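Trainee: I am new to this structure and would like to learn how to read its features one at a time. Could we look at it together?

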Amino acid sequence: MTTSGAPTPPRFKRSSPRKKSQLRSRRLTAGEAEAAGGPASARAPLPSPLEVDAVPRIGRALPQEFFEVDALVLAPRLLGKLLRRDEVILRITEVEAYRPNDSACHGRFGITARTAPVFGPAGHAYVYLCYGLHMMLNVVADMEGVGAVVLIRSCSPVTGLETLQRRRGQQTEKPILLTGPGKVGQALGLSTDWSNHPLYTPGGLEVLDGSEPEAILVGPRVGIDYASPKHVAAPWRFAIAGTPWISAPKNTLRPR
């Protein structure tokens, strides 16, 4: 009830909870685009919610110096970093370190036509064919001539899902798509021709900066029964804690 002669206060139409939620989503999307280095209208389309949860940001290619450390140091550092080839970007979720004087490392054979990239410059790719079927991607670590690598065991998808599904021959978004080193190589469309490729240069195959994991799991490496008992038991396998994008066996992994 109003007093005679007093102005009637204006009425405002309340937004529905659904519209408020949509507005909040729009603001978040614009903020994410600006944080990535430009206005929302100038950025590429954002990934799906599944992909955004997997990797909050995509950084620049890492410099060669990043890789010039012991494989045991590089391996956990690579968790959360990104692999990019064409429109496909994958987040690294699981790795294994292979070092000099390691009876499980390909470098134990010395420099051969196959293993020469293991002794090459840090930050280069070492891709080998396993069992005549699987392309296994490794990142060369340490200084040239040392003979150390980090095997990329598992990843999660960030962009280019349709392309990597086609390469894998699987129309799924479940972890089976990328949990295993052979699956990663296939998803990226790799061959042994990629060995010696510098992963710190634009174009081709790159390792990009990404978000660091909050927690890391460690455990013994997989499938190296031929190695010495000491090296079989060495906890040189690393994985992001809390993600389903990890290969089997998972029960050998423990908090770091």
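Mentor: Let us begin with charges and rings: a charge sits over a ring if NZ of Lys or CZ of Arg is within 6 Å of the ring centre and within 35 degrees of the ring normal. Here the charged end of R221 sits over the ring of Y98, 4.6 Å from its centre, and the charged end of R99 sits over the ring of W236, 5.3 Å from its centre. Bear in mind that this is a predicted model, in which local features need pLDDT of at least 70 and side-chain atom pairs count only at pLDDT 80 or more, while totals for chains, interfaces and linings use all residues. Residues are numbered from 1 along each chain as its sequence is written, and side-chain values use heavy atoms, with hydrogens and water left out.

Trainee: How many aromatic pairs does a search of the whole structure find?

Mentor: Rings of Phe, Tyr and Trp (its six-membered ring) pair if their centres lie within 6.5 Å, and planes under 30 degrees apart count as stacked, over 60 as edge-to-face and the rest as tilted. The search finds two such pairs. In F66 and F67 the ring centres are 5.2 Å apart and the planes stand at 80 degrees, so this pair is edge-to-face.

Trainee: Is F67 buried or exposed?

Mentor: Buried means under 20% relative accessible area, exposed over 50%, and partly exposed in between (1.4 Å probe, protein chains only). F67 is buried because its relative accessible area is 0%, and F66 also counts as buried, at 15%.

Trainee: Which residues have the most contacts inside the largest nonpolar core?

Mentor: A nonpolar core is a set of buried Ala, Val, Leu, Ile, Met, Phe, Trp, Tyr and Cys residues joined through side-chain atoms within 4.5 Å. The largest one has 45 residues, and L78 and I152 have the most contacts inside it. Apart from it lies another core, of 14 residues, which includes F119, Y126, C130 and M136. With contact meaning heavy atoms within 4.5 Å, I152 touches residues including L78, L83, I92 and V184, when those up to four places away in sequence are not counted.

Trainee: Which residues is H106 in contact with?

Mentor: Leaving aside neighbours within four places in sequence, H106 is in contact with R114, T115, Y126 and Y128. H106 counts as buried, because its relative accessibility is 14%.

Trainee: How many disulfides does the structure hold?

Mentor: A disulfide is a pair of cysteine sulfur atoms within 2.5 Å, and the structure holds zero of them. C155 is buried, with a relative accessible area of 0%, and C130 counts as buried at 14%.
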